[in-house]
Amino acid sequence: MARKMSTMDGNTAAAHVAYAFTEVATIYPITPSSPMAELTDLWSAQGRKNIFGQRVNVVEMQSEGGAAGAMHGALVAGSLATTYTASQGLLLMIPNIYKIAGELLPGVFHVAARTVAAHALSIFGDHSDVMAVRQTGVALLASNSVQEVMDLGSIAHLSAIKSRIPFLHFFDGFRTSHEIQKIEVFEYDELAKLLDWDALKAFKDRALNPEHPKTMGTAQNPDIFFQAKESSNRFYMAVPDIVADYMEKISKLTGREYKPFNYYGDPDADRIIIAMGSVNEAASEVVDYLNSKGERVGLIKVHLYRPFSEKYFFDVLPKTVKKIAVLDRTKESGALGEPLYEDVRTLFYGKSNAPLVVGGRYGLSSKDTTPSQIKAVFDNLKSSSPKNWFTIGIVDDVTNTSLPINEKLNTSAEGTIRCKFWGFGSDGTVGANKDAIKIIGDNTNMYAQGYFAYDSHKSGGVTISHLRFGNSPIRSTYLIEEADYIACHKQSYVYQYDVLDGLKKGGTFVLNTIWKESDLDKKLPGKMKKYLAENDINFYIIDATHIAMNIGLGARINMIMQAAFFKLTNVIPIDDAVKYLKEAIVHSYGSKGEKVVQMNYEAVNQGINALVKVKIPDSWKNANENENMPNIPERPDFVKNIADVMNRQEGDKLPVSAFVGRENGEFPQGTAAYEKRGIAVEVPEWQPDSCIQCNQCAFACPHAVIRPFLLDEDEMKKAPSGFVTKKATGKGLEGLQYRIQISPLDCTGCGVCVDVCPTPKKSLVMKPLEDQEKEIPNWDFAIKEISDKSDRVPLDSVKGSQFARPLLEFSGACPGCGETPYAKLVTQLFGDRMIIANATGCSSIWGASAPSTPYTTNSEGRGPAWANSLFEDNAEYALGMELAVKYARNRLADLMNELIKLNIPQEIKAPFMEWLEGKDDARSSKAATLKILKVLDTKLTDKRAMEILKEIKDRRDLLIKKSIWAFGGDGWAYDIDYGGLDHVLASNEDVNVLVFDTEVYSNTGGQASKSTPEAAVAQFAASGKKTTKKDLGRMAMTYGYVYVAQVAMGANMYQTLKAFLEAESYPGPSLIIAYSPCINHGIKAGMGKMAEQEKRAVEAGYWHLFRYNPLLRKEGKNPFVLDSKEPKASFEDFLMSEVRYSSLKITFPEIADQLFKVAAEDAKERYEIYKKLSEG
Amino acid sequence: MNAIDYALKMEIDGKAFYEKISKETTEPRVKQIFDMLAKDEQRHYDIINDFKKTFYNYKGTDTFKTTKNIFSEALKKKQTFNVNVNVFEVYQQAIEMEKKSVELYSDEAVKSKNKDEKNILLKLAEEEKKHQTILENLMEFIRKGDEWVESPEFSHLDEFDKFSNKDKY
């Protein structure tokens, strides 16, 4: 039967087959597996039926540990339960995987395999997670491509039911989970026929049920545990045959042959590779290539990794094999070799004529594995003594593990069209390319593949789309090395990246630019001109930016560039392409109304007609490579040698030696300041005449690019011309000049500063970036030459706080980010003495995406010390830091107490006595420290005193009171680490907790958390969240000794500031919950209105401001102060101003009306509770 | 004046109003939007004009004698729109105008004692609501271009939706 072909990614394929066999899905978000869970939730909300004719019962849990627990419960109670996870998530499931396997329950885990965090977090793909569960008793089944995910995913479910052993079906994170391919899709009725219905009935019959009760999970002693454990052996022994049988059935259905181990290559091969996962696709290409050149090589693709079947392995191993290289996509530090390698070695132990087996590592954290690298593995086997424990894909110049690459191969099938697109984060390139794949896949017999690479910035990041089209299935599971077509969608990229890298001779290059053909000679870098001329490139330019603007598409140039792509590549005849593009537009935007459709039609028409073919002058062949390149200012070696290389998208070229000295993963502070990305279209311009010097713009700026400066007379003399200032107003600022300075190259152009400016005639006006270049030297002057005068004004006013230098600057956070202004404020207040434990999430990504470190230092080299451990442990991580600091400072106190009892001069004792008095007070400890530092080198006659002074000197970096902070989002605080947070708050230790409450898991794409209010549409809450928002603040207040505040900067900056100051100085645990608008909210007025939206939230009674200060109780006062007024504005109007709510009205109008009503009632009730609390 | 004539007049005034502001603004992106809004008012006019054929023969009432036409009011004032703001604010302001029209027709429908008129007013409110939705969608579409964040961690379900066959199962 002809099956339907469809274009989809691996996650969608897995979700499709999993849905068929799933009754209960217990889910939790983690990249890159979240889309499987999101689709399951969406399909369930839409009413899709599984093979049993039921909707899947989907429940989001508080952590992966919880998801596994609920899955275990569902299984034991007789439901077929499934979960989807990756990386740390899988690790959190381990205890339950043991249980589920031990109890012979047929649960299925679909895993988009991802790196487990070690010296750094990585969201990308390798097998370190699945290898960490190989000992649990779960069966491990590997799929190597999107088609295999569809084909083998069902086998995990079918075999689990039949064998009673739980299955973990995995495929490579990103490479397979996010790669889009045209594949054949199973119908559910076909799958239903394969199910062993008797086994299913037996499973249901075994379920816990009081009608026929039993006891599960007893505690067993040495007498029986061992025997009982061994009693399950025969179930495992049966698995390979069950799987092989299902594979045979699937092979018959699909015509694609599957076995527990598949052999590919020369039947008489002398050298083979054994591997698991997507690398097998690329390796197949290389096997074909080498065999066509007369070599005799092959490949064993491992599908069923656990239970490992010797029988099925030797069934496929050619007898002729002399040498084997086993490739592992994981690293087991300290082991004799990696796991698959060790398994294969064990297979041959004691066997006569065993082949030589070597092992190597590849592809950690999605490191691209190319045909050239795989050829190097086969070449290594040719040697009489092949290198063992090797690596490919990197240059290891320290321990010399890497294999040399001798030849650059092109093994993709003949006729494959390879296209690369350099897109800008917000221009829609990725979405458009997905459309292109779908158009080509759906309307032609061609196969299509798409893979998308991104940099680590959320604001203005670069996206690189890799698309292949061809007449045979595409097995190239690696980035495009040689391209037929390259498009660069952003003009400035010609200076930042080597965009032409890999463009073949005679290939096509399209540049979106506002330059005219005649400008190009003076604008294009020499290196680019030379390449274009020397390689006979067909070079086109198009001004998509202006076309989009004139059509009214704003920054969305995607449709224009997509039309240009179809015109130039001619993958399908252009008239057909236009027809399909227009159909796709109707499909995508039809529901948005005719206007949007028409605009996009217009974009297609203009994209085709506005291309200009550039006549490349011969003189370009002689261009100087550095011609027209901007000057790069002087920078530290680290930035030059590592950060800049990474930012040019050339980090793959860095050898292992680049990390010597920082093997622990540490990065220096403040590297973000060297990026100067210039991503804004418009930046603010200061209007001194109307400015009232309130500093609110600086307070609200998410990226710390707008700052007030105070200049004395000397500084005024040095100021560059055009450095306009005005007389500073305010107590303590007499004799100074005031200026607001903007850094145009660091600004993201969000416009929040303009929005918060309170003057009737705005004192900030958005102007095109190119008109503001004059501000670049002004910024440099301000930063380098103007001294810190924050001591002239108290920090406890909004204005005063902003004269302190932010020690968080130029992060990669989204434009208009609601989180960063809070974090920035904390660094202004306490940055020179703070340590931050940061939960994984948005704040850890904008906080430390290598190589960009936005946490920086002041002029004395002090600044926040920052670290991220995990998502689920951050409160405890911060507590650990507090305990360490406390211990070390207590040691200093003990030493000083001993010192002052010794016979030493009184003037030496005095500073130490002062320190002891005010040890835990920031200001006192700072003052005393200054005095201590002056006496530490004093020569004393008392030997013990000298020893003590030395020890104090060694640890003088702990003299000043430290401020310990835990930062994280609501997913962290409300859900995954709520238990930990609760415990840390209860500990009564001096830990400050700042929760950036975006009301969703922002970093993983907006899944609902327990902070998500009812009625909000989020991922995992496709039909609106049904339960109310958890009141974390009130829960923490029950202890009575925890400082708690709820703030919203845009509603009341002063209240925010006050809360931060009170929380930090409170000598115990404190919790600040900060309302943080996020792009996931879909604020209709735009993120530039982020602060205004916070204000609206408070005025509508959606969010409340309060402070609970236990110290007030000691003064006999009510510790609870309600800082927000009785809500007056319409609650529903507020909801409707955000897409996360308004979209529910469109998709589920009846549910919306009901939930909106309940949400309004709950908000009102919450206010009433706060009001009562405030009344004492 | 009956409800339909009133509505037609309001669309004409709306068109004049947007054309006037378009002339006042210097920012090309903003100008483009006002021109588009003016054209839209003409389109709305044509749609409502079509109603005439079906609904015009109801007995008119005095309802609209005293009702204020928001656009004619706006035309009289010197400047109700801030023309030097960003495109989203322009959209927001235009949406507010449409919202007012919806409210106006809905309120009048509640007040009206004439069954035919009640119906036509509800119909007009519905039509204005559509205009509001179109503008909201457009604003959302453009806003995405300015704010869209591509991150490997994000899975945009609207993209995934294209790859899923939601109707079948």
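A residue is termed buried if 20 or more other C-beta atoms lie within 10 Å of its own, exposed if 12 or fewer, and partly exposed in between, with C-beta atoms placed from the backbone. The structure is a predicted model, in which local features need pLDDT of at least 70 and side-chain atom pairs count only at pLDDT 80 or more, while totals for chains, interfaces and linings use all residues. Residues are numbered from 1 along each chain as its sequence is written, and chains are lettered from A and ligands numbered from 1 in the order in which they are written.

**View 1. The loop position A:Asn664.** A:Asn664 counts as exposed because it has 8 C-beta neighbours inside 10 Å. The loop that holds A:Asn664 runs between α23 (637–647) and β23 (682–686) of chain A; helices (H or I, at least four residues) and strands (E, at least two) are DSSP runs, numbered from the N terminus. From A:Asn664 to A:Ile272 the separation is 392 residues in sequence and 36 Å in space, C-alpha to C-alpha.

**View 2. Helix α22 of chain A.** This helix covers residues 594–609, and its 16 residues should span 22 Å at 1.5 Å a residue; the expected span is 1.5 Å times one less than the number of residues. Its end C-alpha atoms are 23 Å apart, which agrees. Among the buried residues of α22(A) are A:Val596, A:Met599, A:Ala603 and A:Val604, and also A:Asn600 and A:Gln606.

**View 3. An open sheet of chain A.** Its 8 strands follow the order β29-β28-β30-β31-β35-β34-β36-β37, with mixed pairing; two strands pair if DSSP finds at least two bridges between them. At the edges are β29 (865–867) and β37 (1120–1122), each of which pairs on one side only. Strands β28 (residues 834–838) and β30 (residues 963–969) run parallel and are joined by 5 bridges. A:Ile836 has A:Trp965 as its bridge partner in β30(A).

**View 4. Surroundings of A:Ala878.** A:Ala878 and A:Ile1072 have the most contacts inside the largest nonpolar core, which has 353 residues. Such a core is a set of buried Ala, Val, Leu, Ile, Met, Phe, Trp, Tyr and Cys residues joined through C-beta atoms within 7 Å. Not counting residues up to four places away in sequence, A:Ala878 touches A:Ala837, A:Ile964, A:Trp965, A:Ala966, A:Val984 and A:Val991; two residues are in contact if their C-beta atoms, placed from the backbone, lie within 7 Å.
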